[in-house]
Amino acid sequence: MVSTRSDAFREALTTRVLVADGAMGTMLQAADPSMEDFQGHEGCNEILNVTRPDVVRSVHDAYFEAGSDCVETNTFGANLANLGEYGISDRIYELARAGAEIARESADRWSEDGRQRFVIGSIGPGTKLPSLGHVAFATLRDAYQECARGLIDGGADALLIETVQDVLQAKAAVVGCKRALAAAGETLPVIVQVTVETTGTMLMGTEIAAALTALEPLGIDAIGLNCATGPTEMSEHLRVLSQQARVPVTCMPNAGLPQLSKEGAVYPLTPQELAAAHRTFVKDYGLALVGGCCGTTPEHLKAVAEAVGGQPITPREPRPEPGVSSLYTAVPFRQDASFLSIGERTNANGSKAFREAMLAQDWQQCLEIAKDQTREGAHLLDVCVDYVGRDGAADMDHLVNLLNTSSTLPLVLDSTEPAVIQAGLERLGGRAVINSVNFEDGEGEQSRFARMMALVAEHGSAVVALTIDEQGQARTREHKEAVGRRLVDTLTGQFGMRVEDIVLDCLTFPIATGQEETRRDAIETIEAIRALTTAYPGLNTTLGVSNVSFGLKPAARVVLNSVFLDECVKAGLSSAIVNAAKILPISRIPSEQLEVALDLIYDRRRWAGEPGSPSAPTTRCSGCSSCSRASTPRRSRPVGPRRCSRSRSTSGWLSASSTASAPAWTPTCRRRWTRGRTRSPSSTSTCWPA
């Protein structure tokens, strides 16, 4: 069902400035509750919800009387860590529900004058940070779900996850809240407020843009800042949120930075100064919900309500940057002067060095391989631990736990197994790309596609979608385009994903195998990329580029990979899974090598000697249909309908004595290259048998 109270709060949040309350704990302590009131748990304010509801209600009443539109429940510490310190973590639901019921009663009484008042369910962070391994994600998620369940049953109008210090902790809380809402059939708004320290980042080192990138895709209804600092220190971070957040922006600062005095910490900001700050924030940054945190009182909120309460929200024109994030920084999908480079060496199936380190459980070496890719210019890291005989979920859990705090690059979690992907997601503070989904076994409820997308949706990830359907891997442009359209339409229509959060992989295959059926694979991929990026503006695309050159000598692979990547980028490719250190700028590739690579990519065939083709060499090219059959019978058989143009000379990059700056790779014709044969070519020929 759709909750009428959630609808009312959501409408207010998007139309007028709402004023919340201020500090709760100091006012409760001012009432001087006894040890009996705390049931022996001194300092556990949430106990007062059941022993002294009158004291808690008096705080809510004071803020409503001051002009607040909404108050937060006395449940900031009703969580696993805080209650666990008193040995009463089994009372999370009880205390959360009691706190919500008290606030609900107060709000309803103050709404009798015709002005609706609201209850915001407060969910504090606790003292355990999952990114540091203090507690498992699932344990934390389930505890937050219990708290949210109590707040929902007690009558809250919205859920506020506040004072967030670790993005992974916030993700656990959001997922827990979403599960509780789904179970209750409710649609209450979920708000997240992070805490940015005076250092300019969250406690774990997270930049505000990274927090926004990780949290907004979870389906939250508003995002903002609270606690740690005063409004002055929050201004720049609010500007970022104002410019990029699609959802409403909120702010509840402390009354300035605390100053030590004989009486303890004192917050210096006056009510008029806090009101002036909020007036500026509402005008410049389009805030929707304002209030106060530590050091703020009913007098502060009265001044704020008089300054901005009920004003229309200043319109914003956010310019979001679709992308992903690590625990520390955000990386946009679209790079200004380059393609998005996804490092391929942290892959047990593609890197021997990484695989051997993983099998030996040399996790430090695995981290070094990841850091090498960072230094080489990768923007993201593709992490694949799938290997026969290994527990993929355990390996992913261990490795991503290390990378979460040790790498500044966002991760692409690469596996076909949902359990392996889930293990990685529950260790990752940032926003990941999931690699991958496809229609190989359809899209029914029990299909791998459906199971993987359930994880993608719950964790707000971006996703790589492969052009594979029930018929297999798409090879032609028409088939690739048809599957690509089906993928995009399903992901946007059925799962509500934005086009810019989809990374379509049109797949590529080796083109130098000598097999007739593979010769057009590069062309088909390029044209499919062109067609799909034209049909879906904003769609991201990727390729495992090195597949195209499989089977060639290393030097040849570098050239072909580089040229193929350049052609794909021209067609609309936005990212590629590559070893960034082995991609050359086109300007550094000799023209003759470039021409041969393009011949391969576009399947260009010419008779030797025809206009525009190079002149024939001085000796026969055994193995080509244009050569004389005077060579040995095995080498001189015609090879299908091929027409080859042979090399111009015996010098430069085609010679056996080529240097590293001119890679030594030798074509038998423009369609067949040597694969490491030990035989040397004739001194008078650059075209020799493969």
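Student: What covers the buried residues of α1?

Tutor: The cover includes β1 (18-19), β3 (118-123), β4 (158-164), β5 (190-194), β6 (222-226) and β10 (289-290). Helices (H or I, at least four residues) and strands (E, at least two) are DSSP runs, numbered from the N terminus. Keep in mind that this is a predicted model, where local features need pLDDT of at least 70 and side-chain atom pairs count only at pLDDT 80 or more, while totals for chains, interfaces and linings use all residues. Residues are numbered from 1 along each chain as its sequence is written, and side-chain values use heavy atoms, with hydrogens and water left out.

Student: Which residues of α1 are buried?

Tutor: Ser6, Phe9, Ala12 and Leu13.

Student: Why is Val119 called buried?

Tutor: Buried means under 20% relative accessible area, exposed over 50%, partly exposed in between (1.4 Å probe, protein chains only). Val119 has 0% relative accessibility, so it counts as buried. Val119 lies in strand β3.

Student: And what makes Asp221 buried?

Tutor: Its relative accessibility is 19%, so Asp221 counts as buried too.

Student: Which side chain makes a polar contact with the side chain of Asp221?

Tutor: That of Arg10, at 3.3 Å. A polar contact is a pair of N or O atoms within 3.5 Å; within protein, one must be able to donate a hydrogen and the other to accept it, and residues adjacent in sequence count only if both atoms are side-chain atoms.

Key
Contact = heavy atoms within 4.5 Å.
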